[in-house]
Amino acid sequence: MASGEAAVESAVREVYDAHFGRLVGWTTQLIGDRDLAHDVATDAFVKLLTHWHSVQDPRAWLYTAAANQVRDHWRKRGREASAYEKFVGGNARAVDVADPGLDPATRMTVRDAVESLPERFRLVVLLHYFADLSVAQVALQTGKSEGTIKRDLHDARKQLAQRLEVTR
């Protein structure tokens with residue numbers, strides 16, 4: 001193995017030791033499946049290894065890569081739910097009398113509200129509020145200006161407040 005490759009692997013190992021556990025925990029909170037979250041975090045590190053020389057801030061880069069995979073997961077899950085609804089069609093579903101279900105107001109979670117945001121806002125919210133990246137870091141990772149990120153966060157907060165207020 002060349003010394004340059006060994007140095008990259010060593011540097012990525014340090015980042016891995018410092019951030020892997022938190023990245024898995026973060027993605028678990030967003031996805032709700034620890035095994036899938038582990039796969040997402042692992043994939044983010046594999047991508048980091050291949051892009052190491054072009055990465056300025058490894059932590060921010062990892063959270064962005066993971067957030068993109070989480071967003072893809074949510075999108076896929078939405079398509080699957082839509083396909084299932086089409087499949088079920090107008091067929092009546094059996095209702096469990098013992099479980100009257102939750103009031104819709106108690107079912108809306110912040111995660112559901114974030115998932116329902118337009119694509120443009122979802123990533124910046126995930127990176128800024130859930131991954132605790134600064135506005136400058138989010139701007140760098142998304143290729144947008146800081147002013148645009150601030151505006152997107154403001155608009156996203158407004159939409160989240162409206163969605164969550166409706167379910168109160």
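User: At what angle do helix H6 and helix H8 pack?

Analyst: Keep in mind that this is a predicted model. Helix H6 covers residues 119-130 and helix H8 covers residues 146-166. Their axes lie 9 Å apart, and the packing angle is about 100°.

User: So is H6 roughly parallel or roughly perpendicular to H8?

Analyst: The angle between H6 and H8 is about 100°. Angles of 65 to 115 degrees count as roughly perpendicular, so H6 is, relative to H8, roughly perpendicular.

User: How many residues of the contact of H6 with H8 are charged?

Analyst: On the H6 side you'll find Arg 120, Phe 121, Val 124, Val 125, His 128 and Tyr 129. H8 brings in residues including Ile 149, Arg 151, Asp 152 and Arg 157. Sorted by type, the contact has 7 nonpolar and 2 polar residues, and the number of charged ones is 5.

User: Which residues touch the most other members of the largest nonpolar core?

Analyst: That core has 43 residues. The ones touching the most other members are Leu 23, Trp 26, Phe 45 and Leu 48.

User: Which residues does Leu 48 touch, leaving out those up to four places away in sequence?

Analyst: Leu 48 is one of the core residues with the most partners in the core. Setting aside its sequence neighbours up to four places away, Leu 48 touches Val 12, Val 15, Val 55, Pro 58, Trp 61 and Leu 62.

User: How many helices and strands are in the chain?

Analyst: From the N terminus, the elements run α-α-α-α-α-α-α-α. The tally is 8 helices and 0 strands.

Note on methods: Residues are numbered from 1 along each chain as its sequence is written. This is a predicted model: local features need pLDDT of at least 70, side-chain atom pairs count only at pLDDT 80 or more; totals for chains, interfaces and linings use all residues. Side-chain values use heavy atoms; hydrogens and water are left out. Axes are lines fitted to C-alpha atoms, for helices over the stretch in contact, and angles run from 0 to 180 degrees between N-to-C directions. Helices (H or I, at least four residues) and strands (E, at least two) are DSSP runs, numbered from the N terminus. Angles under 35 degrees count as roughly parallel, over 145 as roughly antiparallel, 65 to 115 as roughly perpendicular and the rest as oblique. Contact means heavy atoms within 4.5 Å. Ala, Val, Leu, Ile, Met, Phe, Trp, Tyr, Cys and Pro count as nonpolar, Asp, Glu, Lys and Arg as charged, and the others, Gly among them, as polar. A nonpolar core is a set of buried Ala, Val, Leu, Ile, Met, Phe, Trp, Tyr and Cys residues joined through side-chain atoms within 4.5 Å. Buried means under 20% relative accessible area, exposed over 50%, partly exposed in between (1.4 Å probe, protein chains only).
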